[in-house]
Amino acid sequence: MLDAEALAGLTAAASPAASGFEADPAPDELAPQTGARFGPAGLQVRFADGTSGAQWSFAGHSVQDGELRLELTDRHYPLAARLCYRVRPGSDVIERWTELTHTGAADTGPITVDRLDRRLRSRGSALDPAAR
């Protein structure tokens, strides 16, 4: 058992966040294709102007009927993602899926989804605001 004197003599724990090169990288739940990433991106998109990659900003969350939903929006383009999670009673399996939404007007052009390593609810490979 440690007493107060022994605790005072311990060195302070170093935060893994102090150096991004020393900490083990945590996997992104929906890894974008931008930034310093190792391995393939979970989501690869192209916007109407040719720009590729989403830059997520956390927009909120909700919990309803046993489902957790995390809301993300792109910082510059009309794209929103909802990461959804559900655990069925009596099960230890976590269901998860992603819903992508084009949030712009019809004149903002389509957003092409080249890759999504989660379940996608959409019509085809492009998110087109005119198709709503």
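Q: How many aromatic pairs does a search of the whole structure find?
A: It finds one aromatic pair. Keep in mind that this is a predicted model.

Q: What makes the rings of Phe47 and Tyr77 a pair, and why is it called stacked?
A: Rings pair if their centres lie within 6.5 Å, and the centres of Phe47 and Tyr77 are 4.1 Å apart. Planes under 30 degrees apart count as stacked. Here the planes meet at 15°, so this pair is stacked.

Q: Which parts of the chain does the pair of Phe47 and Tyr77 tie together?
A: Phe47 sits in the loop between β1 and β2 (56-64), while Tyr77 sits in the loop between β3 (67-74) and β4, so the pair ties together parts that are 30 residues apart in sequence.

Q: Is Phe47 buried or exposed, and how do you know?
A: Buried means under 20% relative accessible area. Phe47 has 5%, so it counts as buried. Tyr77 comes to 24%, which lies between the 20% and 50% cut-offs, so Tyr77 is called partly exposed.

Q: What makes Arg46 and Asp114 a salt bridge?
A: The cut-off is a side-chain nitrogen of Lys or Arg within 4 Å of a carboxyl oxygen of Asp or Glu. For the side chains of Arg46 and Asp114 the N to O distance is 2.8 Å, so they pass. Arg46 lies in strand β1 (residues 43-46) and Asp114 in strand β6 (residues 111-116), so this bridge ties together parts that are 68 residues apart in sequence.

Q: What are Arg46 and Asp114 called in terms of accessibility, and why?
A: Arg46 has 38% relative accessibility and Asp114 has a relative accessible area of 42%. Both values fall between 20% and 50%, so both residues count as partly exposed.

Q: How many salt bridges does the same rule give in total?
A: The count comes to eight. Among them is the one between Glu67 and Arg69, at 2.6 Å from N to O. Another joins the side chains of Arg88 and Glu95, at 2.7 Å. Arg88, at 44% relative accessible area, is partly exposed, and so is Glu95, at 23%.

Q: Which residues are linked in a network of salt bridges?
A: The network holds Glu67, Arg69, Glu71, Arg82, Arg86, Arg88, Glu95 and Glu99. Some of these also face each other across strands: Glu71 stands opposite Arg82 in β4, and the bridge partner of Arg82 in β5 is Glu99.

Q: Why is Glu67 called buried?
A: Its relative accessible area is 12%, and the limit for buried is under 20%, so Glu67 falls inside it. Glu67 lies in strand β3. Leaving out residues up to four places away in sequence, Glu67 touches Ser62, Tyr85, Arg86 and Trp97.

Q: What makes the approach of Glu67 and Arg86 a polar contact?
A: Their side chains come to 2.6 Å, and the limit for a polar contact is 3.5 Å, so this distance is inside it.

Q: How do you know that β4 and β5 pair?
A: Two strands pair if there are at least two bridges between them. Nine bridges join strand β4 (residues 79-87) to strand β5 (residues 94-102), so they pair, and they run antiparallel. Between β3 and β4, which also run antiparallel, there are seven bridges, so that pair passes too.

Q: What do β4 and β5 form, and what sits in the turn?
A: They form a hairpin with six residues between them. Gly90 in the turn has a positive phi of about 80°.

Q: What is the order of the strands in the open sheet, and which are the edge strands?
A: The sheet has four strands in the order β2-β3-β4-β5, with antiparallel pairing. β2 and β5 are called edge strands, as each pairs on one side only. From one strand to the next, the twist averages 20°.

Q: What is the secondary structure of the protein as a whole?
A: It comes to one helix and seven strands. From the N terminus on, the order is α-β-β-β-β-β-β-β.

Q: How much of the protein counts as buried, and what share of contacts is between residues 24 or more positions apart?
A: Of its 132 residues, 27% count as buried. Among contacts with a separation of 6 or more, residues 24 or more positions apart account for 33%.

Methods
Residues are numbered from 1 along each chain as its sequence is written. This is a predicted model: local features need pLDDT of at least 70, side-chain atom pairs count only at pLDDT 80 or more; totals for chains, interfaces and linings use all residues. Side-chain values use heavy atoms; hydrogens and water are left out. Helices (H or I, at least four residues) and strands (E, at least two) are DSSP runs, numbered from the N terminus. Buried means under 20% relative accessible area, exposed over 50%, partly exposed in between (1.4 Å probe, protein chains only). Rings of Phe, Tyr and Trp (its six-membered ring) pair if their centres lie within 6.5 Å; planes under 30 degrees apart count as stacked, over 60 as edge-to-face and the rest as tilted. Axes are lines fitted to C-alpha atoms, for helices over the stretch in contact, and angles run from 0 to 180 degrees between N-to-C directions. A polar contact is a pair of N or O atoms within 3.5 Å; within protein, one must be able to donate a hydrogen and the other to accept it, and residues adjacent in sequence count only if both atoms are side-chain atoms. Contact means heavy atoms within 4.5 Å.
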